[in-house]
Amino acid sequence: NLLDSIGFGNEKIYSILNINGEKFYSKPLKNVIIYVDETNIIKKVYTDFKGSFDSKFYNSIVDKYGLPTSISRRVNEKQLESEEIEGTILTETTGTLVECELKDNPDLIIWDSLNIKLTFIIIDELDKIELVMEINK
């Protein structure tokens, strides 16, 4: 299910689609996007999951990577502009991120270690979690 790469400057992007049966901890994988540099070294991996960032999932990440570097949520959001492009509505918003705890329904949880940075973007209204894994130099 690996698709051909797409090149952007010195970076290539590989997509793995329709993954069946594989999981990231308790969350099933569907698609994975891999970003590599000009020497084909993986720099970043993106995937997303259905469902919520529950305590079971959180604890499994903590068991492997320790406590997160940052847990935050959006406040004071203001919609600035909406625009429709080819049937898709794009909305620009501004706001502030404030530190919080898991029980406060965070929007962003980051683990940043010496080797890897995990950024979880939690989108409750879509019942979705996005994950960006970046290799730290």
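I began with Glu-101, which I found in the loop between strand E8 (88–99) and E9; helices (H or I, at least four residues) and strands (E, at least two) are DSSP runs, numbered from the N terminus. The model is a predicted one, in which local features need pLDDT of at least 70 and side-chain atom pairs count only at pLDDT 80 or more, while totals for chains, interfaces and linings use all residues. Residues are numbered from 1 along each chain as its sequence is written, and side-chain values use heavy atoms, with hydrogens and water left out.

Leaving aside neighbours within four places in sequence, I noted Glu-101 in contact with Ile-71 and Pro-106, contact meaning heavy atoms within 4.5 Å. Glu-101 and Arg-73 are 28 residues apart in sequence, yet 9.0 Å apart in space, C-alpha to C-alpha.

For the overall layout, I recorded one helix and 11 strands, which follow the pattern β-β-β-β-β-β-α-β-β-β-β-β along the sequence. The C-alpha trace spans about 45 × 40 × 30 Å along its principal axes, and buried residues make up 33% of the 137 residues. Among contacts with a separation of 6 or more, 44% come from residues 24 or more positions apart.

I checked the aromatic rings next, pairing rings of Phe, Tyr and Trp (its six-membered ring) if their centres lie within 6.5 Å, with planes under 30 degrees apart counted as stacked, over 60 as edge-to-face and the rest as tilted. By this rule I have 11 aromatic pairs. Phe-49 and Phe-57 form an edge-to-face pair, 6.0 Å centre to centre with 70° between the planes, and both Phe-49 and Phe-57 are buried. Phe-53 and Phe-120 are also edge-to-face, at 5.1 Å centre to centre and 75° between the planes; this pair links distant parts of the chain, with Phe-53 in the loop between E6 and H1 and Phe-120 in strand E10, 67 residues apart. Phe-53 counts as buried because its relative accessible area is 10%, and Phe-120 is buried at 0%. One aromatic cluster takes in Phe-24, Tyr-25, Phe-49, Phe-53, Phe-57, Tyr-58, Trp-111 and Phe-120.

Beyond four places in sequence, Phe-120 touches residues including Ile-61, Asp-107, Leu-108, Ile-129 and Leu-131.

Definitions and conventions: Buried < 20%, exposed > 50% of the residue type's maximum accessible area, 1.4 Å probe, protein only.
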